[in-house]
Amino acid sequence: MPSTTDKMARPVTAADRIHAIDMLRGLALFGVLAVNLVGEFRVSLFQQFLPATSSLSPLDDAVEHFISFFLEMKAFALFSILFGVGLAIQSERLARSGFRPRLLVRRLMALLAIGLVHLLLIWNGDILTEYALAGLVVLPFLWLPIWCTGLAAFGLLAFYIAMPAMSLPISWPSMLWLQQHVLEANHVYAAGSYGQILRFSWSELCQILPLHEFVFPRTLGLFLVGMLAWRSSVLRNPYRHQSLLLIVAGAGLMLGILLNSPVLTQSMASWGMPRAMGPCVENVAGIFMGLGYGASVIALVEFTRARSVLQVFAPLGRMAFTNYLMQSLFFSWVFYGYGLGYFGRLGAAQTLLFGIIFYTCQIALSAWWLRRYRFGPIEWLWRTLMYGVRQPMRVLVSTQ
């Protein structure tokens, strides 16, 4: 017998989904894939903190600069905003069930459980665990006035922007440790067995934790921005807020590109500004560009004929959870020693091309899957754990 919870609260149907958000999520997933693939699966996560090597080919160098300038931190900023949007939508749809707090907590606890499995058994670059913990922190804001959400978002993002200029008790490995560790990682990840790689990845967690400590305020702030965007009806009624979306799109992209420009960084040094100002400005740029990307895609989908082209990304966005984990499983097998062992052997351009091909396959696979099933496999598991009732999986085809 279905439980009372099941009778009053069910997953939204495909017809009721907001497809513009699905398209945006599918596009954001490419940015996440490109950053993870070139900077974390292909080489050690810690290599980015070492001085740049001059042995890169011009093409590889161009690819790395492109990802750094346009995608690094920006794709994750966009994904964080979308996660906040999703929380607000889920909360609104559960409002009449009488079980909203319990179901939202169960949703985040299920995400935490899946994230920990991913983190500890597949890939230590996991972001799901942080998202689950951050979601639990911001959850009370769904019951607070909108102005409280806006004020908290502003405060958290301002704190994140200022962090490089503050003396915070966040430890970071020395340059000597980074150099030695990258050498060891190149050997273990390229040639180690699954057990050896697992033990080594666990040993890295203490050094990865400071990275999460640094970005956690930004994650919280952007979750709140996403919640604010939904609760204020900007995404619910985009035509009513067309001018605001266009302003955010234009200003976000222009300011983000300007603040992220190496010319500005060099100028700041010549002006005698403290070195810490550079990272602060980069933090601002990442937030502006993430907002600009999001507003631009929503505007293109809602106000232009680009929707017919961009809708190809909607199935990918509906299955973003499954596709994210699929990327981890596949590329850990490609690059790690228990699989093909390509760790450290491919250039950035080759790796990005490989990622584009795989992403294209995921687009086709997601569309094929959703013609037959209501959810992706991991989305189905997530909903089943959240509602405590096995969810119907197959799409029902009318015989009339």
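How many aromatic pairs does a search of the whole structure find? Let's begin there and then move on to the cavities, the pocket and a pair of packed helices.

## Aromatic pairs

This is a predicted model, and searching the whole structure turns up 30 aromatic pairs. Take F83 and F223: their ring centres lie 4.7 Å apart and their planes meet at 20 degrees, so this pair counts as stacked. The two partners come from distant parts of the chain, with F83 in helix α4 and F223 in helix α9, 140 residues apart.

## The largest cavity

If you like looking inside a fold, there is something to explore here: the structure holds four cavities of 30 Å³ or more. The largest cavity has a volume of about 740 Å³. Its lining is made up of 35 residues, and those nearest the centre are R17, R25, G86, R107 and W382.

Two or more residues each come from α2 (19–41), α4 (74–93), α5 (100–121), α6 (128–138), α14 (314–318), α15 (320–335) and α17 (377–387). Helix α4 gives the most, with ten residues. Sorted by class, the lining of the largest cavity comprises 23 nonpolar, three polar and nine charged residues.

## The second largest pocket

Next comes the second largest pocket, with a volume of about 620 Å³. It is lined by 27 residues, and I81, V225, A229, V248 and L291 are the closest to its centre.

The largest share, seven residues, comes from α12. And which classes of residue does the lining of this pocket have? There are 24 nonpolar and three polar residues, but no charged residues.

## Where α3 meets α16

Finally, have a look at helix α3 (residues 58–71) and helix α16 (residues 348–370), which pack with their axes 7 Å apart and at an angle of about 60 degrees. The two helices are therefore oblique to each other.

On the α3 side, the contact is made by L59, D60, V63, E64 and I67, while α16 brings A348, A349, Q350 and L352. By class, this contact has six nonpolar residues, one polar and two charged.

Notes. Residues numbered from 1 in each chain as written. Predicted model: local features only at pLDDT ≥ 70, side-chain atom pairs only at ≥ 80, totals over all residues. Heavy atoms only, no water. 1 Å grid on protein atoms, 1.4 Å probe; cavity = no way out; pocket = protein on both sides within 12 Å on 5 of 7 lines; lining within 4 Å. Points joined across faces, edges and corners; volume = space filled by probe spheres on them. Helix = DSSP H or I, 4+ residues; strand = E, 2+ residues; numbered from the N terminus. Nonpolar A, V, L, I, M, F, W, Y, C, P; charged D, E, K, R; others polar. Axes fitted to C-alpha atoms, helices over the stretch in contact; angles between N-to-C directions. Parallel < 35°, antiparallel > 145°, perpendicular 65-115°, else oblique. Contact = heavy atoms within 4.5 Å. Phe/Tyr/Trp six-rings, centres within 6.5 Å; stacked < 30°, edge-to-face > 60°.
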